[in-house]
Amino acid sequence: MRTAYTTCPLCEATCGLELTVEDDRITGVRGDRQDTFSGGFLCPKGASLGALDADPDRLRTPLARRGGEFEPVSWDEAFTLVDQRLNEIIAEHGRDAVGMYLGNPTVHSLAGGLYAGGLRRALGSRNVFTASTVDQMPKHVSSGLLYGGIFTIPVPDIDRTDFLLLLGADPFSSNGSLWTVPDAPGRLKALRKRGGSFVVVDPRRSRTAAAADRHLPIVPGTDVFLLLAMVNELFAASLVDLGELAPHVAGVDEVRKLSEPFTPEAVASRCGIDADEIRALTHRLAKAPRAAVYGRIGTTTVEFGTVASWLVDVLNILTGNLDRPGGAMFPLPAHVRRGTGTGKGFTTGRWHSRVRGLPEVAGEFPAVTLADEIETPGPGRIRALVTVAGNPALSLPNSARLDAALSTVDFMVSVDPYLNETTRHADVILPPPPPGRRAHYDIAFLSFAVRNVAKYSRPAVPLAPGELDEGDILLRLTGIFAGLGPAADLDALVGLPGGTEAETYTREERLLDARLRSGPYGLSVEALLDQPHGVDLGPLTSRVPEILRTPSGRVELCPDPIAADVPRVLEALRTPTDGLVLVGRRHLRSNNSWLHNVPALVKGKPLCTLLVNPADAARLGLQDGCAARVTSRVGEVEATVEITADMAAGVVSLPHGWGHDRPGTRLTTAQAHPGVNVNLLTDDLALDPLSGTAVLNGVRVHVTPAQPTPSTPAQPTPPAGQTQPAAQ
């Protein structure tokens, strides 16, 4: 028996784990109390790492479809088949005939962080899609327009702030998102203990909202109106004070003019928050000694996601809270070089999608148009698809349509550890090893950390016979895409020489070491290996103007694309709406569709229920524990009703990532707890035009009891989670 230390890769909190290993099996998991960042905090997901590693449904060798059935094959056979089929399609139809979808787990692994970019470049196709456009792309776009870089995203300095405003976020359940904040509950409690406070704006009384000083239930999708009204009040009440940031900001007066129509009175009825409440919240923010505003899923996966994301930063800037301790600050990770204070800036629309003419954003197309590009004939049609660590058959809007489209591609290869709802359509599945058998360094999430830290760990358990390292899988695919074949020199692909160093450090360690040595702290892999609990690099520090990459070298507070979209916001403000709307929600024991095959994470009270306000339930004739039929423009589902006063009137909620009732999968536990797929209801025609992000919150729905009315003949009851045909 031995002890190993690693970082949890199952969410963005990067908590340190202490693992007990026996006979190359993880037999115990606890929080690493010596971890310099998380201090022993552990959530149910992290505690399940051993069970996840040992999941009997996890694929250990490649699978290839032969005669309609999957058969185990060797790695060489699998890569040879991929090389042959993809190159045949490219030779006949061109590179755009091969599409790629990168899922969220890609950024949770060191190999994904190092090699996903090269994989995309080697493919050379414009048909690239990622989970970003069903998640956080509005924040990347707004940050690119404001600061010049899509990863230049400020985070609340939670450990030093006095007041925190959270919109559309539930860090008690998510552990933070685009905000690496281990033990968010403990840090928020510490905020209150030192005399500070926090307010949550959310249509649901979430776990975070229940712990807040004040919870403001808002009409889903209307955060943009609330935020514009707060900007309006800052100017009207002469509360604007940029402080030391003033010399580095352009466009303040233009923002004032944009906000003029959005008075608190003008938006109050539309967003469901009184004008006096809006004014009080604005004054509270402006007058706090140190404050920060943070918005997440509820402000990004909506119709005006980019404008709302921009306004979060505008409020931080206008109150003088950007780039100062206790405000919203820019982390300085150990593997990133310092900026120069200027750059090329950020643009979108360098090319457009073939079918719907949607603009490219950050080198990719909106995921909502993936089905269009598969179904529509003509030059550039996607005939082959590569998926890496993603489950788009569950995670994309109007997923019934996409699920059908996936079955029509000529060839599909998936890098994934499971035979799931997406990979059941694949011709070849290449399974990466489980988390305990992978090295770990958070290339993505340390860029959003509330304290500058660095942690690296080698695999806790060696690869089992027949397993291939994730980095080798991605690089062998890169070699195939580059026309070098499946046996290409992998070190040469990434520009590494041979020699004695290759005998001491892995390929990933040598690449990471180069980044660390050229970074701001002069660290090395060796130094991190000597500190298994992490290296504390200190609190966040001010980084403006060094962090800026705009041609002007200033924060562009009123970018032209944002200003051009505000009239659309004003038009929506003046357009009345009614009826029920649907929103998603997070659970501490879940992360998208990843973890539903772990028994410990799905036992107990069902997680996939339809939350309904008591008044709505009474009006609609719904009963707690009974089934309701939920219908949208694109489809319908049946879900179990959970009546709760935590849900605002006029709003219902289903969580994301469920619907494990598809035939042809091998997910024993998930199939026993299938839930329903909320994305059978979300609309692939609805998106935020600036970022291409899907509208997953604020979806118009109709809800009725599932049992037939006396005038309606009874129909056979489908299995749990089964959907009815979509309305055409």
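I began with strand 6 and strand 7 (residues 128-130), which pair in the parallel sense over 3 bridges; strands here are DSSP runs of E of at least two residues and helices runs of H or I of at least four, numbered from the N terminus, and pairing requires at least two DSSP bridges. The model is predicted, so I noted that local features need pLDDT of at least 70 and side-chain atom pairs pLDDT 80 or more, while totals for chains, interfaces and linings use all residues. Residues are numbered from 1 along each chain as its sequence is written, and side-chain values use heavy atoms, without hydrogens and water.

I looked up partners next: L102 has T130 as its bridge partner in strand 7, and V98 has A384 in strand 15, a strand that runs parallel to strand 6 and is joined to it by 5 bridges.

I then checked burial (under 20% relative accessible area, 1.4 Å probe, protein chains only; exposed is over 50%, partly exposed in between). Because 5 of the 5 residues of strand 6 are buried, that strand is largely enclosed by the rest of the structure, with V98, M100 and L102 on one side and G99 and Y101 on the other.

I turned to helix 4, whose buried residues include L114, Y115 and L119, and found these buried residues packing against strand 6 (98-102), strand 15 (384-388), helix 18 (470-481) and helix 21 (507-517). Among the residues touched by F481 (contact: heavy atoms within 4.5 Å), I noted M100, L119, A122, L123 and V386. Just after helix 4, G124 takes a positive phi of about 70 degrees.

Key
Lists of a residue's contacts leave out its neighbours within four places in sequence.
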